[in-house]
Amino acid sequence: KSVKIIKIKEELKWGLDRKSKFDKQRDFLMWSSEIVEDMIHQRYFTAIPLLHWVMKRELWWDWLVFLLALFMQLWLLREWVNMDYAQREAESKNVELPVHIGKCISENINKTYVGVCPSEGFYFCLILLGIVHMMACIFLGISYFVANYHRISIRFNPSKKMAISWNAFYHFYLLALLICSALGIWSDGVMYCVHLFHIATLFDLLRRVIQGATIHVDQLL
């Protein structure tokens, strides 16, 4: 199934007004007409091969953003060192420090330095994977905005059930993903930790718990 179809089904399930039987039937008819319009819109863009390729693999970009960030964070932990602690441990165990840590200690005036002591090839791989990560964030944003730009509105219209506000949280979230991806290369990979929160969008259980607590909050007040 298309990721877009699954998302529309989720929106319909969680967005349907269930205050009364009449409201439910009226709301369902309004949703149905807008879904038909959305299907026509999707058919137009899926006829363009490049956009079809990007949109069809939206789930790939989701997972790539998270998995690359996770891999780089694990590698960053391996390269992270406390100089003072490392020297004391080496002296107490009478062992030599790894070459890259010894070089980092000899070059750094501050002997209490805590941070990255990069091994050979660390920065090259960081830049390479960072570029791939940025491309995944860009493709994720393209896939979302191409599929939904006709639903984004500046003014709130209650008659439009599938309308998306221009200042929706997810729009700023996608922008934050891209900015943190770019900053990750310049911060020795530290900023990629932000992308670990992306796991909340990848699993139905986590997503439904968040939706269940937030979507119908106006009916609970």
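Of the contacts in the protein chain with a separation of 6 or more, 70% link residues 24 or more positions apart, a contact being heavy atoms within 4.5 Å. The model is predicted, so to speak for local features a pLDDT of at least 70 is needed, side-chain atom pairs count only at pLDDT 80 or more, and totals for chains, interfaces and linings use all residues. Residues are numbered from 1 along each chain as its sequence is written, and side-chain values use heavy atoms, with hydrogens and water left out.

Read from the N terminus, the order is α-α-α-α-β-α-α-β-α-β-β-α-α-α. Of the 221 residues in the chain, 33% are buried; buried is under 20% relative accessible area, exposed over 50% and partly exposed in between, with a 1.4 Å probe and protein chains only. The accessible surface is about 14400 Å², and carbon and sulfur atoms hold 70% of that (Shrake-Rupley method, 1.4 Å probe; for residues, only the protein chains shown count as cover).

Now to the helix pairs. Two packed helices are described by the angle between their axes and the distance between the axes. Helix H4 (residues 58-79) and helix H7 (residues 122-148) have axes that come within 9 Å and cross at roughly 155°. That angle makes H4 roughly antiparallel to H7; the cut-offs are under 35 degrees for roughly parallel, over 145 for roughly antiparallel, 65 to 115 for roughly perpendicular, and oblique for the rest. Axes here are lines fitted to C-alpha atoms, for helices over the stretch in contact, with angles from 0 to 180 degrees between N-to-C directions. Among the residues that meet are Trp-61, Leu-68 and Trp-75 in H4, and Phe-122, Leu-129 and Cys-137 in H7. By class, this contact has 18 nonpolar, 3 polar and 3 charged residues (Ala, Val, Leu, Ile, Met, Phe, Trp, Tyr, Cys and Pro are nonpolar, Asp, Glu, Lys and Arg charged, the others, Gly among them, polar).

H7 also packs with helix H3 (residues 49-56), the axes coming within 9 Å and crossing at roughly 110°. H3 and H7 are therefore roughly perpendicular. Leu-51, Trp-53, Val-54 and Met-55 of H3 touch Phe-139, Ile-142, Ser-143, Val-146 and Ala-147 of H7, giving 8 nonpolar, 1 polar and no charged residues.

Lastly, Leu-175 lies in helix H8 (residues 169-186). Leu-175 counts as partly exposed because its relative accessibility is 47%. Its C-alpha atom is 8.9 Å from that of Cys-137, 38 residues away along the chain.

Definitions and conventions: Helices (H or I, at least four residues) and strands (E, at least two) are DSSP runs, numbered from the N terminus.
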